[in-house]
Amino acid sequence: MSTDVHIAAESRADFGKGASRRYRRDGRVPAVMYGSGSQLRHVTLPSHELNLALRIPRVVLDVSIDGSQLLVAPRDVQRDPLRLDLLHIDLILLTDADVAARHAYAEALEKAESKAEEAGFEPHAAAALLEEAASNEEDINAVAENIVELLEEQQKALRAAAAVAAAREEAAEAAEAEGAAAGEGEEESAAEDSDSE
């Protein structure tokens, strides 16, 4: 699975809400590119291609603009809250180390999902474990290599937690039933006492 997506950008000189709406009507998304001490660049990107690219975890956008190629990654993506259309995107320039880390993640993800699927697990469960490992700065290659064992451990832990919750619920229901029975017994006893008087 490649995380690199080639995309053509166009420089923009018009700003403001009206200009942004015009760009979006024409199928382009307003964006800014910055980072690594470079000058801020205002551009537009093709909406459809950008939407497809943003589905890829840790995507690297290979942006061609004014005869040069820049490697960038999404930093902040703004969408319409109802229609989820792209409104604006901030792109950060990547160093060679950033690109290598993103490629390593993509390879580990592909391996983890493949191993999980072969073992009968959902690929998205493997992806979630790998993402958690990456955010905790763990060795993602080791996680990908041992993904089946990790998913089995996770499943055992979930089953154990479900069993504990069920036992607690049963105990609570039994205590409630016992309390209700004790209350009925007290009412009967009180009724017998009043009859004997």
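**Loops, then the helix**

Mentor: Leu84 is exposed, with a relative accessible area of 52%; exposed means over 50%, buried under 20% and partly exposed in between, with a 1.4 Å probe and protein chains only. This is a predicted model, where local features need pLDDT of at least 70, side-chain atom pairs count only at pLDDT 80 or more, and totals for chains, interfaces and linings use all residues. Residues are numbered from 1 along each chain as its sequence is written, and side-chain values use heavy atoms, without hydrogens or water.

Leu84 sits in the loop between E6 and strand E7 (86-93). Helices (H or I, at least four residues) and strands (E, at least two) are DSSP runs numbered from the N terminus. Leu84 is not a glycine, yet its phi is positive, about 65°.

Asp66 is another non-glycine with a positive phi, about 50°. Its loop joins strand E5 (60-65) to strand E6 (68-79). Asp66 is exposed, at a relative accessible area of 61%.

Now the helix. In H1 (residues 17-25), the buried residues are Ala19, Ser20 and Tyr23. They lie on the same side of H1, because they cover an arc of only 100° around the axis; the arc is taken from the directions from the helix axis to the C-beta atoms. These buried residues pack against strand E3 (28-35) and strand E4 (38-46), where contact means heavy atoms within 4.5 Å. On the other side of H1, Lys17 and Arg25 are exposed. Gly27 follows H1, with a positive phi near 80°.
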